[in-house]
Amino acid sequence: MARKTGLDINSPKTECKDKKCPFHGDLTISKRVFTGVVVSDLAKNTATVLWERRRKISKYDRYERRKTRVHAHNPECINAKKKDVVRIAECRPLSKTKNFVIIEKLGKEEKVSGFEEKPEEKKEDSAKETDKKQGKTDTDKKDTAKKTKQKG
Ligand SMILES: [Zn+2]
């Protein structure tokens with residue numbers, strides 16, 4: 001039987017013998033949960049998860065889009081693939097760069113909409129921490145250049 005994780009999530013249908021699995025292993029997870037998209041599943045049992053957050057710039061009263069990219073453990077029972085939208089939870093350091101674990105698959109990137117539109121001001125602090133660890137990712141300023149030209 002799968003253990004209870006303390007979070008309101010469904011445990012996976014398949015079981016695994018992964019010690020670092022929050023359901024079938026002995027890994028305890030924190031309640032700091034994020035939702036992101038798997039951008040790389042090449043490494044064994046590891047996925048790179050990316051999500052966007054918005055940072056308010058009070059001077060301009062606008063939001064800046066920033067990205068957070070972390071390595072997350074990918075247990076066999078979840079087995080997330082590239083482009084999967086996943087929920088990840090913070091946990092103890094599993095390796096030099098991993099201190100997150102995937103706890104739930106939410107679907108494919110194409111089907112889930114709006115997950116990046118939510119302002120995530122509460123999660124700002126932890127996102128800043130991961131930025132320091134992973135190296136800061138600059139926001140794409142090319143996007144703003146794509147603004148449609150006004151006619152007449
Ligand atoms: Zn498992």
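Which residues have the most contacts inside the largest nonpolar core?

## The core

In this predicted model, the residues with the most contacts inside the largest nonpolar core are Val49, Ala72, Ile88, Val101 and Ile102. The core has 23 residues. Five strands each supply at least two residues of it: β1 (29-40), β2 (46-57), β3 (62-73), β4 (84-91) and β5 (98-108). The largest share, 5 residues, comes from β4.

Let's look at one core member, Ile102. Setting aside neighbours within four places in sequence, Ile102 is in contact with Ala47, Ala72, His73, Asn74, Pro75, Ile78, Ala80, Val86 and Ile88. Two of these partners, Ala72 and Ile88, are also on the list of core residues with the most contacts.

## Overall layout

Stepping back to the whole chain, you will find 2 helices and 5 strands. Read from the N terminus, the order is β-β-β-β-β-α-α.

Of the 152 residues in the chain, 24% are buried. Among contacts with a separation of 6 or more, 59% join residues 24 or more positions apart.

The average pLDDT of the chain is 79, and 67% of the residues score at least 70.

Where pLDDT is low, the predicted coordinates should not be read in detail.

How values were computed: Residues numbered from 1 in each chain as written. Predicted model: local features only at pLDDT ≥ 70, side-chain atom pairs only at ≥ 80, totals over all residues. Helix = DSSP H or I, 4+ residues; strand = E, 2+ residues; numbered from the N terminus. Buried ≥ 20, exposed ≤ 12 C-beta atoms within 10 Å, placed from the backbone. Contact = placed C-beta atoms within 7 Å. Core = buried A, V, L, I, M, F, W, Y, C linked by C-beta atoms within 7 Å. pLDDT = per-residue confidence, 0-100.
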